[in-house]
Amino acid sequence: MTTKKKSNSLKFLDKTIGSPISFGSTLEAIRLSDEISQVIFAKKLGISQAHLSQIEKGAKSVSPERAKRFAKILGYSEVTFVELALQDQFK
């Protein structure tokens with residue numbers, strides 16, 4: 001993933017959310033900015049579509065280890081993903 005694409009995703013995220021950023025909302029913003037369905041995105045991450053939906057809605061949290069794995073798969077900062085996952089666990 002190029003830096004430009006990451007930049008576009010983060011801009012989309014800021015515009016879309018308008019509230020405190022969570023791990024789930026970050027995944028959703030990345031998915032939507034890349035115009036990928038939940039089914040395809042979930043397969044890419046190695047999880048079910050239902051589980052992805054629960055993560056995006058904030059109904060399920062993600063461990064720091066899984067957040068790091070997702071970051072590697074998607075080409076994003078592992079530190080940022082782990083921080084967001086930990087932040088969600090403390091909420």
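Both F23 and F70 are buried. Keep in mind that this is a predicted model, and then look at how these two side chains sit together. A pair of aromatic rings is described by the distance of the centres and the angle of the planes. For F23 and F70, the ring centres are 6.3 Å apart and the planes meet at 25°, so this pair is stacked. The pair joins distant parts of the chain, since F23 belongs to helix α2 and F70 to helix α5, 47 residues apart.

A second stacked pair is made by Y76 and F81, with 5.9 Å from centre to centre and 20° between the planes. Y76 counts as buried because its relative accessibility is 10%, under the 20% cut-off. F81, at 2% relative accessibility, counts as buried too. In total there are three aromatic pairs, and ring pairs connect F23, F70, Y76 and F81 into a cluster.

Now widen the view. In soluble globular proteins, nonpolar side chains tend to be buried together. Here the largest nonpolar core has 19 residues, and those touching the most other members are F23, L27, F41, L45, F70 and F81. Helices α2 (23-33), α3 (38-45), α4 (49-57), α5 (64-74) and α6 (78-90) each give two or more residues to this core. The most come from α5, which supplies four.

Beyond its neighbours within four places in sequence, L27 is in contact with F41, L45, L52, I55, E56, F70, L74 and F81.

Is R31 buried or exposed? With a relative accessibility of 9%, R31 counts as buried. Not counting residues up to four places away in sequence, R31 touches I36, S37, Q38, F41, L52 and E56.

In α4, the buried residues are L52, S53, I55 and E56. Looking down the axis of α4, you will find these buried residues within an arc of 165°, so they line one face of the helix. An α-helix has 3.6 residues a turn, so residues three or four places apart point the same way. Among the elements covering the buried residues of α4 are α2, α3 and α5. After α4 comes G58, which has a positive phi, near 85°.

Methods
Residues are numbered from 1 along each chain as its sequence is written. This is a predicted model: local features need pLDDT of at least 70, side-chain atom pairs count only at pLDDT 80 or more; totals for chains, interfaces and linings use all residues. Side-chain values use heavy atoms; hydrogens and water are left out. A nonpolar core is a set of buried Ala, Val, Leu, Ile, Met, Phe, Trp, Tyr and Cys residues joined through side-chain atoms within 4.5 Å. Buried means under 20% relative accessible area, exposed over 50%, partly exposed in between (1.4 Å probe, protein chains only). Contact means heavy atoms within 4.5 Å. Rings of Phe, Tyr and Trp (its six-membered ring) pair if their centres lie within 6.5 Å; planes under 30 degrees apart count as stacked, over 60 as edge-to-face and the rest as tilted. The arc is that of the directions from the helix axis to the C-beta atoms.
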